[in-house]
Amino acid sequence: MRGLVIKNTGSWYTVKTEEGKVIESKIKGNFRLKGIRSTNPVAVGDWVEIVANQEGTAFITEIDDRKNYIVRKSPNLSKQSHILAANLDQAILIVTVNYPQTSTTFIDRFLAGAEAYRVPVVLVFNKRDLLSEEELHYEQMVMTLYETIGYKCFEICAESGEGVDALMPLLKDNVTLLSGNSGVGKSTLINKLIPGAAQRTAEISDAHNTGMHTTTFSEMLEIPGGGYVIDTPGIKGFGTFDIEPSELSSYFKEIFQFSQDCKFSNCTHTHEPGCAVRKAVEEHYIAESRYASYLSMLDDKEENKYREAF
């Protein structure tokens, strides 16, 4: 039988078959030996073949080829990857300027990782109702930066529902990954998008202005009217995998654009003479925050912090 993995709770996977039946499934023992060096060889969003057994559960025997996926450094094992979700039409990254603060480095790492695996990203800025005038001004500047690069940005208040309706046309009939730091309001947004989803929410930790994990596993939730959103555990960091240093600049849209004019075709944009990228940074055509994020990711690779995943 063929089915869609709609939930992952560790060793068990919930599979919805093409006939609409939901079956709890496990990976067959030798499946992990096929060179998949990720903490979760099967991900939410995967299409799989399953074989039912007498207990009413099933074994996953095969994964269909993925059209794309988003992968990050495993939160537990630094030398392995963790696939957040597979076969996506898009990802929505929820950003908060404060309560908690999302860094531009985190945004840029997520965007570059998504570009590497051909997943379009929309940025949704939440909790504008909590921001001071100064913070609102900063939010507008950040939104303008990413819109100029070519990313769609939305401003919402998930708690009150303000601006949420504008997201519905984006979500209809698409498979959308929802991601972001812990505490940015993913569960609150899902409860607004899907009445009755009843995703748990938690207060922000006052001591460190950080979110506390409420989602502990990935799950696909059906949107009324068509489409799915994939809720994932909040992410603190985003170490990327499978990106060669020579490829990295092509995952930063504006850096790639200016790199065409570099003197050397293998320019790393760090020290070489005739580098059009560094010139563009100096002349403020490329934001210093974006260039700093590029350098930090290049540094990951230089130090070989993360072994390649596949």
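Which residues of H1 are buried? They are Thr 104, Phe 106, Ile 107, Asp 108, Arg 109, Phe 110, Leu 111, Ala 112, Gly 113, Ala 114 and Ala 116, where buried means under 20% relative accessible area, exposed over 50%, and partly exposed in between (1.4 Å probe, protein chains only). This is a predicted model, in which local features need pLDDT of at least 70 and side-chain atom pairs count only at pLDDT 80 or more, while totals for chains, interfaces and linings use all residues. Residues are numbered from 1 along each chain as its sequence is written, and side-chain values use heavy atoms, with hydrogens and water left out.

**Overall make-up**

- The protein has eight helices and 13 strands; helices (H or I, at least four residues) and strands (E, at least two) are DSSP runs, numbered from the N terminus.
- Of the 310 residues in the protein, 51% are buried.
- Among contacts (heavy atoms within 4.5 Å) with a separation of 6 or more, 63% are between residues 24 or more positions apart.

- H1 is largely enclosed by the rest of the structure, because eleven of its 13 residues are buried.
- From its first C-alpha to its last, H1 reaches 18 Å, close to the 18 Å expected at 1.5 Å a residue; the expected span is 1.5 Å times one less than the number of residues.
- Helix H4 (residues 186-193) is mostly covered, with six of its eight residues buried: Lys 186, Ser 187, Thr 188, Leu 189, Ile 190 and Leu 193.
- The cover over the buried residues of H4 includes S8, helix H3 (168-171), strand S11 (175-179), strand S12 (218-222) and strand S13 (228-231).

**Loop between S8 and H1**

- Asn 98 lies in the loop between S8 and H1 and counts as buried at 14% relative accessibility.
- The side chain of Asn 98 makes a polar contact with the side chain of Glu 135 at 2.7 Å; such a contact is a pair of N or O atoms within 3.5 Å, and within protein one must be able to donate a hydrogen and the other to accept it, with residues adjacent in sequence counting only if both atoms are side-chain atoms.
- Tyr 99 counts as partly exposed, at 32% relative accessibility.
- A cis peptide bond, with omega about -5 degrees, joins Tyr 99 and Pro 100; Pro 100 lies in the loop between strand S8 (90-95) and H1.
- Most residues other than glycine have a negative phi, and most peptide bonds are trans.

**Loop between S9 and H2**

- Lys 127 lies in the loop between strand S9 (121-125) and H2.
- Phi of Lys 127 is positive, about 70 degrees, although the residue is not a glycine.
- Lys 127 is buried, with a relative accessible area of 14%.

**Cavity**

- The count is one cavity of 30 Å³ or more; a cavity is a set of points on a 1 Å grid over the protein atoms alone where a 1.4 Å probe fits but cannot get out, and lining residues have an atom within 4 Å of a point.
- The largest cavity holds about 50 Å³ of space, the volume being the space filled by probe spheres set on the points, which are joined across faces, edges and corners.
- Its lining includes Val 95, Gln 101, Phe 125 and Tyr 138.
- Helix H1 (104-116) and helix H2 (133-149) are the elements that give two or more residues to this lining.

Conventions: On a 1 Å grid over the protein atoms alone, a cavity is a set of points where a 1.4 Å probe fits but cannot get out, and a pocket is an open set with protein on both sides within 12 Å along at least five of seven lines; lining residues have an atom within 4 Å of a point.
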